[in-house]
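Thanks for coming. I will take one structure and walk through a few parts of it, so please have the sequence and the model open.

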Amino acid sequence: MTTVEEKRTRQMPKGGRKGGSVFPRVALSDAVAYARNLVSKTHTSAQPKDVILSGVVGAKAGVGEVRMSALKQYGFLKGDAKSNFSADDLAKKIAAAPPEELIPLYRQSVLKPTVFKKLFDTFHGDTVSKGKLKQRAADLKVHPDETATCVDLY
């Protein structure tokens, strides 16, 4: 290989999506706080993406995209860039529910992401170690670098 060909070899960019199964990268407690804010911002009408990024999740860069994705996966956000975004019914129920009715709604939202649902179905009623959860997350095709994060968030 000549030096010109070596310079032309493309190098993969750092950061970004690693691959593997998708799971929310935000804890449910944080997502619920964003969902409550989302309900108040979209009460009258759906809002464009930039309003959601800056006004609801508080970040315009990649972190904001990750938070929006988590809101969608938990069932709190609906819409797309063309039709704008608004709070889904689950977010509205959580924002309006009295404290004694919140636990079933939280349970419903945490079981919406496919990976979390499969982890729950596998080990429901059992006491298992984090190692077993990591092993099952790896079986569900979660990226090896992200299995610990997935288990911690679950």
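Which residues in α2 meet which residues in α3? Before I answer, a caution: this is a predicted model. On the α2 side the residues are Y34, N37, L38 and K41. On the α3 side they are I52, G55 and V56. Sorted by class, that contact has four nonpolar residues, two polar ones and one charged one.

Now the geometry of that pair. Helix α2 covers residues 28–41, and helix α3 covers residues 49–56. Their axes lie 10 Å apart, and the helices pack at an angle of about 130°.

Let me step back to the whole chain. The protein has nine helices and two strands. Going along the sequence, the order is α-α-α-α-β-β-α-α-α-α-α. There are 154 residues in the protein, and buried residues make up 34% of them. Take the contacts between residues at least 6 apart in sequence: of these, 53% join residues at least 24 apart.

Next, the strands. How do β1 and β2 run, and how many bridges join them? Strand β1 is residues 77–80 and strand β2 is residues 84–87. The two run antiparallel, and four bridges join them. Together β1 and β2 form a hairpin, with three residues between the strands. If you want a place to look, find D80, which stands opposite N84 in β2.

Last, one residue. Q73 sits in helix α4, which spans residues 62–74. Is Q73 buried or exposed? The relative accessible area of Q73 is 18%. The cut-off for buried is under 20%, so Q73 counts as buried. What is Q73 in contact with, once neighbours within four places in sequence are left aside? The list is V22, F23, P24, K112 and P113.

Note on methods. Residues numbered from 1 in each chain as written. Predicted model: local features only at pLDDT ≥ 70, side-chain atom pairs only at ≥ 80, totals over all residues. Heavy atoms only, no water. Axes fitted to C-alpha atoms, helices over the stretch in contact; angles between N-to-C directions. Contact = heavy atoms within 4.5 Å. Nonpolar A, V, L, I, M, F, W, Y, C, P; charged D, E, K, R; others polar. Pairing = 2+ DSSP bridges. Buried < 20%, exposed > 50% of the residue type's maximum accessible area, 1.4 Å probe, protein only.
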